[in-house]
Amino acid sequence: MRSRPSSGYASRPLPRFSRHSPPVTVEGLLADELARFERAHPRSRDLAARARGSLLAGVPMHWMVRWAGGFPVFATEAEGARFRDVDGLEYVDFCLGDTGAMAGHSPPATVAAVAAQAARGITLMLPSEDALAVAEELARRFGLPRWQFALTATDANRFAIRLARHVTGRPKILVFNWCYHGTVDETFAALDADGRVVAREGNLGPPVALAETTRVVEWNDADALERELAHGDVACVLAEPALTNIGIVLPEPGFHDALREATRRHGTLLIVDETHTLCAGPGGCTQAHGLEPDLLTVGKSIGGGIACAAYGFSDEVAARVEAAVPEDESDVGGVGGTLAANVLSLAAMRATLDGVLTDDAFARMIALGARFEAGVAAAIEAYGLPWHVTRLGCRVEYLFRPDRPRTGSEAAAGGNPLLDRLIHLWALNRGILLTPFHNMALMCPATTDADVDRHTEVFAEAAAAIASAGA
């Protein structure tokens with residue numbers, strides 16, 4: 001696929017709208033972008049119409065009904081940091097499968113390993129030498145010595161929770177308000193206006209009232225954490241090192257130390273979910289900031305796009321698990337699965353960790369993230385917009401509020417669905433894909449300076465138009 005030439009943005013003046021231009025509104029800008037999108041995607045529109053005959057709501061995954069343009073773009077091929085759609089249009093991809101393709105699309109080392117393993121066998125319910133190599137590499141990166149494998153980060157989290165409950169004999173978990181841990185039932189909990197634990201808005205078919213399984217506190221609230229752990233019924237705290245799915249909400253200085261001290265003092269296990277925060281470096285925030293979890297989960301990107309996940313244990317927790325699970329019950333405890341740890345996924349993980357998501361690759365990706373952040377910040381300042389941009393390693397996101405949130409509730413309250421949709425569609429119409437609904441951008445090993453500068457140019461144009469609309 002062809003490379004996009006450098007935009008030369010750094011030497012260009014920021015766009016300005018003439019004072020004699022006709023009045024514009026954000027709603028009007030969105031209407032223009034919707035029309036432009038439909039004109040440019042006739043083949044995707046036709047396939048979306050056809051899909052209504054065989055797919056629930058016309059999409060293969062139900063969340064796709066929310067796509068910014070009214071119907072999703074249908075893809076045909078992807079390579080590196082780019083993909084092409086059925087209408088022949090090419091895009092710079094900063095969504096990267098919402099972290100699933102953080103290694104880039106079809107990285108050659110992973111493709112070669114997967115092709116070779118597929119010819120020798122895909123799933124056997126037997127171990128391969130790759131399982132040892134992957135476990136040893138994960139131990140090097142994250143500092144936890146024992147590992148198991150799953151097919152999704154959701155499964156890794158579910159299995160870690162079950163084991164934590166089993167070895168502690170405690171019934172509940174604790175999560176942070178507006179966290180994200182895949183589709184784990186217990187994590188779709190929130191705090192209502194009175195501070196009570198309730199099902200999060202949009203939670204479909206919760207099996208029980210969430211207060212029966214889950215305690216919830218706000219991110220960065222060490223006092224609330226202490227209060228809830230003091231009940232003595234929390235088996236584990238499941239935490240991302242930073243909130244990532246409601247905008248990026250970073251930990252305040254000392255919060256992780258307080259979290260670790262409180263969980264140890266109350267006999268509660270700490271599970272760190274690095275699935276999204278692997279963007280912080282080769283060993284995620286755990287390695288970058290010296291975190292000390294009892295268990296750790298990671299998925300999505302570590303197999304280069306092949307379905308896989310892993311969960312690791314400290315020596316102490318591994319010993320407790322081995323002592324608490326009789327061998328003759330090890331296959332009926334609700335942990336694992338027929339396809340978990342299949343030889344194809346292990347081959348993909350080994351190749352991706354050894355040859356794609358390397359220390360050197362992360363150094364380049366994080367530098368590109370900083371370049372992306374600086375370009376967005378410059379446009380926000382130039383147009384005096386009450387927004388901000390936040391970065392975690394090679395992951396960058398902008399929120400439409402002036403102050404950085406310190407909790408999930410503050411981040412949620414500062415959301416602006418109209419601007420989210422407009423900017424996503426504005427970028428898409430100009431050859432850039434951001435993560436839908438919250439416009440996160442992620443760098444991969446194939447991302448270039450020119451890709452980042454192209455986004456800076458397009459974002460500045462959007463900022464100019466929105467500023468002229470008085471938003």
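**Close-up views of a predicted model**

View 1. Seven strands make up an open sheet with mixed pairing, in the order 4-12-11-10-9-5-8. Its edge strands are strand 4 (146-150) and strand 8 (214-217), each pairing on one side only. From one strand to the next, the twist averages 20°. This is a predicted model: local features need pLDDT of at least 70, side-chain atom pairs count only at pLDDT 80 or more, and totals for chains, interfaces and linings use all residues. Residues are numbered from 1 along each chain as its sequence is written, and side-chain values use heavy atoms, leaving out hydrogens and water. Strands (E, at least two residues) and helices (H or I, at least four) are DSSP runs, numbered from the N terminus. Two strands pair if DSSP finds at least two bridges between them.

**View 2. Strand 5 and strand 8.** Strand 5 and strand 8 run parallel, joined by four bridges. Leu-174 has Arg-215 in strand 8 as its bridge partner.

**View 3. Helix 4 against the sheet.** Helix 4 (residues 129-142) packs on the sheet. Helix 4 touches strand 4, strand 11 (295-299) and strand 12 (309-313); contact means heavy atoms within 4.5 Å. The direction of helix 4 makes about 120° with that of strand 4. Axes are lines fitted to C-alpha atoms, for helices over the stretch in contact, and angles run from 0 to 180 degrees between N-to-C directions.

**View 4. Strand 9 and its partners.** Strand 9 (residues 234-239) is mostly covered, with six of its six residues buried. Buried means under 20% relative accessible area, exposed over 50%, and partly exposed in between (1.4 Å probe, protein chains only). Three bridges connect strand 9 with strand 5 (residues 172-176), and the two run parallel. Cys-236 in strand 9 is the bridge partner of Ile-173. Strand 9 also pairs in the parallel sense with strand 10 (residues 269-273), over four bridges. There, Leu-238 has Ile-271 in strand 10 as its bridge partner.

**View 5. From strand 9 to strand 10.** The chain leaves strand 9, passes through helix 7 (residues 255-265) and reaches strand 10 in a right-handed β-α-β crossover. Right-handed means that, with the strands pointing away from the viewer, the path from the first strand over the helix to the second runs clockwise.

**View 6. Glu-90 and two arginines.** Glu-90 lies in strand 3 (residues 90-93). Glu-90 counts as buried because its relative accessibility is 9%. Its side chain makes polar contacts with the side chains of Arg-82 (3.5 Å) and Arg-84 (3.2 Å). A polar contact is a pair of N or O atoms within 3.5 Å; within protein, one must be able to donate a hydrogen and the other to accept it, and residues adjacent in sequence count only if both atoms are side-chain atoms.
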